[in-house]
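Good morning, and thank you for coming.

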Amino acid sequence: MSTIMYGAPCVDQLTLDQSRRVEALREKGVNVTLAVVRVGDDPASEVYVRNKKNACAKLGIVSREIHLPGDTDQETLENCLDALSADDGVTGILLQLPLPAPLKEQEALLHIAPEKDADGFRSGNCGTLIAGGEGTLPCTPRGILYMLKYYGVEMTGKRAVVIGRSAIVGKPCALMLLNENCTVTVCHSKTQNLEAITSEADIVVAAVGKAEMIKGSMLKEGCAVVDVGINRTPEGLKGDVEFESASKKAAFISPVPGGVGKMTVAMLMENVIDLAEKGAGPAGRK
Ligand code: NDP
């Protein structure tokens, strides 16, 4: 029988520690403060931002939302991020993506000071991941790694396959697994004979966005499966993994919903607190 890797116990463990850390910072005179910049009126972004603000409120983190109109130009957005970067009252900054066209995401992200980059999306922080340095890690892959460790999945020397190569999930996740001494293969839409690759993997991370494309028949007996996919279907929310068949093969499997999704916001809070502790805020500035 497989162990179902629910996100909730991981989040509970994290929350306990995070509340204590926010309080300890407050006692030192540092108010952990996340500035969230949202451009335009994308309804999904509005929900994501609300969830992030609620998570901040539960931990006593101050959140400041800066809502810019959909026709904001690149320079205005970059000036806003520059100002927040220079603001001693702000310890972390998040630019809610995607941005409306024609705004350029990567160029805008460069205007977030690296020591305040709460999402870890700034290219410099991704660079430190390659160099093995100390940048902010992107939230979803950080949550995946936390979950694997929490449930005691062995990583050193294991074969890991990451399906999907996006800059926010697949690529950083592959690097993090590599840093945990896995032997990593990254698959994508041009990969040939995916099944031959997944069926040899000890750890499979599916981050594709295609409902139930990974079947139990594609997996190795006793593997660990992390399902990152969030797919809205007429039958409800589905992951990238067909849970019913996969759970018969896997020793560990994360469900959708209730798995990785819960980890992402919890890891954002972890990043925000880490940054404040590293001294981005007024009292802690080095
Ligand atoms: P992207 O659309 O940016 O990337 C999808 C990746 O899947 C691409 O690299 C693509 O390959 C690859 N792909 C597409 N079709 C196939 C295929 N048939 N076989 C193998 N690979 C394929 O998505 P994201 O990384 O942003 O997100 C992936 C999923 O994770 C989505 O469902 C998203 O909603 C979910 N998600 C969940 C989060 C959470 O908190 N749980 C957070 C972020 C995302 P190519 O590069 O060749 O196009």
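This is a predicted model: local features need pLDDT of at least 70, side-chain atom pairs count only at pLDDT 80 or more; totals for chains, interfaces and linings use all residues.

Residues are numbered from 1 along each chain as its sequence is written, and side-chain values use heavy atoms, with hydrogens and water left out.

Let me start with the ligand. Which residues come nearest to the ligand? Among the 21 residues around the ligand, they are Arg-165, Ser-166, Ser-189, Ile-230 and Thr-264; a residue is near if one of its heavy atoms lies within 4 Å. There are polar contacts, that is, pairs of N or O atoms within 3.5 Å. A polar side-chain atom of Ser-166 is 2.5 Å from a ligand oxygen, and an N or O atom in the side chain of Arg-165 is 2.7 Å from a ligand oxygen. Ile-230 uses a polar backbone atom, 3.0 Å from an oxygen atom of the ligand. The ligand taken alone exposes 930 Å², of which the protein buries 70%; these areas come from the Shrake-Rupley method with a 1.4 Å probe.

Helix α10, residues 260-277, gives the most to this shell, with three residues. Helices here are DSSP runs of H or I, at least four residues, and strands are runs of E, at least two, numbered from the N terminus.

I turn now to helix α6. Helix α6 covers residues 139-150, and nine of its 12 residues are buried, where buried means under 20% relative accessible area, exposed over 50%, and partly exposed in between, with a 1.4 Å probe and protein chains only. The buried residues include Cys-139, Arg-142 and Leu-148. What covers them includes α1, α7, β7, β8 and α10. After α6 comes Gly-152, with a positive phi near 75 degrees.

Finally, the backbone. Most residues other than glycine have a negative phi, and most peptide bonds are trans. Cis peptide bonds join Leu-97 to Pro-98, with omega about 0 degrees, and Ala-101 to Pro-102, with omega about 5 degrees. Pro-98 is in the loop between β4 and α4, and Pro-102 is in the loop between β4 and α4 as well.

Asn-181 has a positive phi near 70 degrees; Asn-181 lies in the loop between α7 and β6 and is partly exposed, at 48%.

Terms used
A polar contact is a pair of N or O atoms within 3.5 Å; within protein, one must be able to donate a hydrogen and the other to accept it, and residues adjacent in sequence count only if both atoms are side-chain atoms. The expected span of a helix is 1.5 Å times one less than its number of residues. Contact means heavy atoms within 4.5 Å.
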